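Here are my notes on the model you sent over.

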Amino acid sequence: MAKRVYEVWKGSNRFLLNGRLMFGPDARSLIVTLLLIIIPVVIFCTFVVRNLIHKFSSYNAGYAILVVTIVYTIYALVLLFLTSARDPGIVPRNLHPPEEEFSYESSASVEAGGRPTPSLQLPRTKEVIVNGMPVRVKYCDTCMLYRPPRCSHCSICDNCVERFDHHCPWVGQCIGKRNYRFFFLFVSSLALLCIFVFSMSALYMKFLMDEHGTVWKAMKKSPASMVLMAYCFISLWFVGGLTGFHLYLIGTNQTTYENFRYRADNRPNIYDRSCLNNFLEVFCTKIEPSRNKFRAYVQEEAPRPPRVPSREAEVDDSGGSRRAKVEDDLEMGDDLLKISQRHDFGDVGDVRSRVSDGFPQKSPEVELGSGLDLQAALGSVSEHHSSLGRRN
Ligand SMILES: [Zn+2]
Ligand SMILES: [Zn+2]
């Protein structure tokens, strides 16, 4: 029987309702997040709002607090659902490496008979122009594609995600092109909910203080209010701080991932289109439909192109140029080792520029070949350094 796309999905996502809902592999943490929202709200409604209703001469004002609390909590939970249960902007994997990108390398593998044959090489990176500036995009071995600019491979979900921001363990999903708006609205709605619950609990405490005289007696009368005020105060540092940070990121058109990278590499931000336009881009543009049809039936696989010789096989020849290249790699390896020992983000960019400056006089083929292995090595190091940015 024909299988659907979600049934043979290669990423580590989880699906519900026959592929209609899609979560990250750590979607269970959603339960914790839900409890952290719902339990305090229930305590607030039961021990604070219920008593607060009678403190207002006009009962309508009291009930308004209850209605606002419930409606606003539902709003926050809907935003959580929209963040968590949808495709964050996954780039569909290729079944084969992109053939049009292969380039023939002259200094290639030697067959058993000793006759050199040209071999196919897939450059590890390529340059694309974004807003008039060259941007180097990397090849993703897992997804077999050149990542579009601002796209990154999430190691937790095992997918390439467009406009990758970070993988959020609290919502158990990647935050990317298609759910960033909801993620921001969710976090900011929690910050406002914290402020609201804190203020109303404080108001109730004030009423109790007026009735019983001292703070101590008021606290004994309603310990729930004190607990809620403490909980909201602590939570506000987290969600309020996150809201502020993302307001800054939206205003400057950066992702969390890029923010770490820009600081590390000292690179200019080429996506900044003035504060107002950056906000309009996040909140007022149409969300593109998902590029994955999770419920579609899997297509018959097309015949595979001839296999590309692996790079390991090419290295073990006796050609002089090949040996020189391996030595270059070793030298680079030393450099990379030094960098990783220094644990300094800034130095990665430093070496990267040295690499590109190092081979300007060579022929394009040789430069491509040398750059290939170096970039692969560099890629793994910068990936290692930037793994920070993929966490919350
Ligand atoms: Zn990928
Ligand atoms: Zn992820």
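1. H1 and H3 make a left-handed crossing, meaning that the near helix is turned anticlockwise from the far one by less than a right angle (clockwise would be right-handed). Their axes come within 10 Å and cross at roughly 35°. Axes here are lines fitted to C-alpha atoms, for helices over the stretch in contact, with angles from 0 to 180 degrees between N-to-C directions. On the H1 side you'll find Pro-40, Phe-44, Val-48, Asn-51 and Leu-52, which meet Val-197, Met-200, Ser-201 and Tyr-204 of H3. Two residues are in contact when their C-beta atoms, placed from the backbone, lie within 7 Å. By class, this H1 and H3 contact has seven nonpolar, two polar and no charged residues. Ala, Val, Leu, Ile, Met, Phe, Trp, Tyr, Cys and Pro count as nonpolar, Asp, Glu, Lys and Arg as charged, and the others, Gly among them, as polar.

2. A word on what you're looking at: this is a predicted model, where local features need pLDDT of at least 70, side-chain atom pairs count only at pLDDT 80 or more, and totals for chains, interfaces and linings use all residues. Residues are numbered from 1 along each chain as its sequence is written, while chains are lettered from A and ligands numbered from 1 in the order in which they are written.

3. How do H3 and H5 pack? Helix H3 (residues 180-212) and helix H5 (residues 223-251) pack at about 150°, with axes 8 Å apart. H3 passes H5 in a left-handed crossing. Their contact has 19 nonpolar, seven polar and no charged residues.

4. Now the inside. The largest nonpolar core has 44 residues, and Phe-183, Phe-186 and Val-197 have the most contacts within it. Such a core is a set of buried Ala, Val, Leu, Ile, Met, Phe, Trp, Tyr and Cys residues joined through C-beta atoms within 7 Å. Buried means 20 or more other C-beta atoms within 10 Å of a residue's own, exposed 12 or fewer, and partly exposed in between, with C-beta atoms placed from the backbone. H3 gives the most to this core, with 15 residues. Leaving out residues up to four places away in sequence, Phe-183 touches Thr-83, Cys-168, Val-171 and Ile-175.

5. Two backbone spots to look at. Met-144 isn't a glycine, yet its phi is positive, near 55°. Met-144 sits in the loop between strand E6 (133-140) and strand E7 (145-146). Asp-158 also has a positive phi, of about 65°, without being a glycine, and it is in the loop between strand E8 (152-154) and E9. Asp-158 counts as partly exposed, because it has 16 C-beta neighbours inside 10 Å.

6. Is Trp-237 buried or exposed? Trp-237, in helix H5, counts as exposed, with 10 C-beta neighbours inside 10 Å. From Trp-237 to Cys-194 is 43 residues in sequence and 10.0 Å in space, C-alpha to C-alpha.

7. Overall, the chain comes to eleven helices and eleven strands. These are DSSP runs (helices H or I, at least four residues; strands E, at least two), numbered from the N terminus. Buried residues make up 27% of the 392 in the chain.
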